[in-house]
Amino acid sequence: MRYIIVFILLFAHWVIWSGMLDAFHLALGVISCGIVTFMSHDLLFKRERITSQLLTESIRFLFYIPWLMYQIILSNIHVAKIVLNPSLPIDPKFVWYKSRLKKDIALTTFSNSITLTPGTITTDIVDGQYYVHCLDQKVADDLMGGAMERKIAHVFEED
Amino acid sequence: MITAFSLFLFAIGIFFFFTATVGLLRMPDFYCRMQATGKGDTMGAFLTVTALALYNLHYGFTLSAVLVSLKIMFIAVFIFVANPTATHAIAKAGMDCGFEPWTRERRAE
């Protein structure tokens, strides 16, 4: 089962990237995707993971992306306003943010989401504590509200 | 119609690149400059790349044109993964080198 999923994913990518739909190139794709699937099928999905759980996570992650985009747009406008303001009203500070996320993938997604959101950069994670550089008090408050963490906990089924 | 919309997206993307550059020049220290560039770039690059992918479709929705647009959108996906990672790595490197962050209080002294 896992072989088939990995093969289909790889082959879809092959078709997208090659763009050649004649028999020769498709046959090449089938052969090389088959070899790669045979050698590294256990890299993409961990053995103990249940497929339905993975499916739930993927679908929830797809729903998470538009929300993240919306947040990125909002805070980008906020930062653009700060930058273009003649008095440059910034109040940069480092804050510690205690996270309750456990899984590696959830921690990575959360720290990348923080960094993607303008005004905050994750500089370090020590024992589940995020060391975050904030551009002003408003973005720090947005982060401390914990809305993003709740969303990610929901995506990776940690709530 | 598609051309007008992609031009609109392109203009907004350029605007965000512009704010990123202005921020790079105006911000007081290393970390704040990372804020301005690392972020304005994400939005700017995403919007301009989306605009290009849309513009590519204005001749019509043929299979090869859609594939090319998909490939262009993959660039945006890679930017979204690579940009925060690189920003984090540079900020972490700056912290390890012991750059003191600029704060309002310190300037008042």
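Chain A of this predicted model holds an open sheet of three strands in the order 1-3-2, with antiparallel pairing. Its edge strands are strand 1 (93-98) and strand 2 (120-126) of chain A, and each pairs on one side only. From one strand to the next, the twist averages 25°.

Look at one pairing in detail. Strand 1 of chain A runs antiparallel to strand 3 (residues 129-134) of chain A, and six bridges join the pair. Follow Tyr97(A) across: its bridge partner in strand 3 of chain A is Tyr130(A).

A helix covers part of the sheet. Helix 4 (residues 104-116) of chain A lies across strand 2 and strand 3 of chain A. Helix 4 runs at about 150° to strand 2 of chain A.

Next, move to helix 5 (residues 137-144) of chain A, where Lys138(A) sits. Lys138(A) is partly exposed because 15 other C-beta atoms lie within 10 Å, between the limits of 12 or fewer for exposed and 20 or more for buried. His78(A) is 60 residues away from Lys138(A) along the chain, yet their C-alpha atoms are separated by 9.3 Å.

Now turn to the contact between the chains. Chain A puts in 27 residues and chain B 30 residues. On the side of chain A that touches chain B, helix 1 (2-18), helix 3 (51-84), strand 1, helix 4 and strand 2 of chain A each give two or more residues. Helix 3 of chain A gives the most, with six residues. By type, the residues on this side of chain A divide into 15 nonpolar, nine polar and three charged.

How values were computed. Residues are numbered from 1 along each chain as its sequence is written. Chains are lettered from A and ligands numbered from 1 in the order in which they are written. This is a predicted model: local features need pLDDT of at least 70, side-chain atom pairs count only at pLDDT 80 or more; totals for chains, interfaces and linings use all residues. Two strands pair if DSSP finds at least two bridges between them. Helices (H or I, at least four residues) and strands (E, at least two) are DSSP runs, numbered from the N terminus. Axes are lines fitted to C-alpha atoms, for helices over the stretch in contact, and angles run from 0 to 180 degrees between N-to-C directions. Two residues are in contact if their C-beta atoms, placed from the backbone, lie within 7 Å. Ala, Val, Leu, Ile, Met, Phe, Trp, Tyr, Cys and Pro count as nonpolar, Asp, Glu, Lys and Arg as charged, and the others, Gly among them, as polar.
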